[in-house]
Amino acid sequence: MPELPEVETVMRGLMPSMQGSVIARAQVNRPDLRWPFPEHFAERLTGKRVERMWRRSKYILAELSSAETLLIHLGMSGRMLVSGDPLGNFVHEHPATEKHDHVVLDFDNGARVTFNDPRRFGAMDLLDTATQEQHKLLAGIGPEPLGNQFDESHLIAALKGRKMPMKSALLDQKIIAGLGNIYVCETLYRGKIHPARRACDVTENEVRALVPIIREVLSEAIEAGGSSLKDFRQADGELGYFQHSFDVYGRDGETCKAPECGTQIARIVQSGRSSFFCPSCQS
């Protein structure tokens, strides 16, 4: 599942073609993805200008001139691909429509944005812009880890008294928006905290140290274009490269990168997900 860096990368890739441009034609090739599209979906998109694009947690939001907001969730295999961009950022022309091209948006600037999703776990919806943050998918989400509302005091208070494993706490979208399995594993390694350690047992000083680490890990991943493990592609079709910088994720059995450590990276399963860590460096 794409996490914050991957969604941010896709959103930034879409902005030059979408933001400020009008959807000249919307083609919807099936009635649903993860759930049904809104009624008259294509008609409600056609002729509308994209006024603003932003990301909330793992969702891409495009505010339209109709006072509605297009919400996009990539799911497990969803890809947003741009072709025919007049700004010259993308060199390929419009490809032929493929089997899993479920939504195709043609813009008045000549760009085309295609939502391709073989597994159909992605989603699109239309929200009322004025109340969009009260929508069931967005309400209750915690602060953005790269935003001003995420700080040491928030994280200390959010973790206080929680008996759940630290890995589970950082995955809780009500505590921090957008973190997923990959970047929690990488964060806990840099913070020297075992993923199974109870959140309430982590000291305030350790929690304080995690805040800049979380921001550092996410910023590095965004700079690298995210992590491509299976289906993720950037908006221009290119792969992300942060997976080449993983310290622990997917490296079970390999040697820890810390100088003079030499311990093999271990893997355990927590709530059905793999956690990777160094038994020596993380306590």
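Axes here are lines fitted to C-alpha atoms, for helices over the stretch in contact, and angles run from 0 to 180 degrees between N-to-C directions. Helices (H or I, at least four residues) and strands (E, at least two) are DSSP runs, numbered from the N terminus. What you're looking at is a predicted model, in which local features need pLDDT of at least 70 and side-chain atom pairs count only at pLDDT 80 or more, while totals for chains, interfaces and linings use all residues. Residues are numbered from 1 along each chain as its sequence is written, and side-chain values use heavy atoms, with hydrogens and water left out.

**The chain overall**

- The chain has 6 helices and 10 strands.
- Of its 283 residues, 53% count as buried, where buried means under 20% relative accessible area, exposed over 50% and partly exposed in between (1.4 Å probe, protein chains only).
- Take the contacts (heavy atoms within 4.5 Å) between residues at least 6 apart in sequence: 66% of them join residues at least 24 apart.

**H3 against H6**

- The axes of helix H3 (residues 152-159) and H6 come within 9 Å, crossing at roughly 125°.
- That makes H3 and H6 oblique to each other; angles under 35 degrees count as roughly parallel, over 145 as roughly antiparallel, 65 to 115 as roughly perpendicular and the rest as oblique.
- H3 and H6 cross in a right-handed way, the rule being that a crossing is left-handed if the near helix is turned anticlockwise from the far one by less than a right angle, and right-handed if clockwise.
- On the H3 side, Glu 152, Leu 155, Ile 156 and Leu 159 meet Glu 204, Val 207, Arg 208, Leu 210, Val 211 and Ile 214 of H6.
- Sorted by class, this contact of H3 with H6 has 7 nonpolar, no polar and 3 charged residues (Ala, Val, Leu, Ile, Met, Phe, Trp, Tyr, Cys and Pro count as nonpolar, Asp, Glu, Lys and Arg as charged, and the others, Gly among them, as polar).

**H1 against H6**

- Helix H1 (residues 4-18) and helix H6 (residues 204-223) have axes that come within 9 Å and cross at roughly 40°.
- H1 and H6 are therefore oblique to each other, and their crossing is right-handed.
- H1 brings Leu 4, Pro 5, Glu 8, Thr 9 and Arg 12 to the contact, and H6 brings Leu 218, Ala 221 and Ile 222.
- Those residues split into 5 nonpolar, 1 polar and 2 charged.

- Arg 112 sits in strand S7 (residues 112-116) and is buried, at a relative accessible area of 18%.
- Not counting residues up to four places away in sequence, Arg 112 touches residues including Leu 81, Val 82, His 94 and Val 104.
- Ala 62, in strand S3 (residues 59-64), is buried with a relative accessible area of 0%.
- The C-alpha atoms of Ala 62 and Leu 126 are separated by 9.5 Å, although the two residues are 64 residues apart along the chain.
- His 135, from the loop between strand S8 (123-128) and H3, is buried too, with a relative accessible area of 17%.
- Leaving out residues up to four places away in sequence, His 135 touches Asp 125 and Leu 127.
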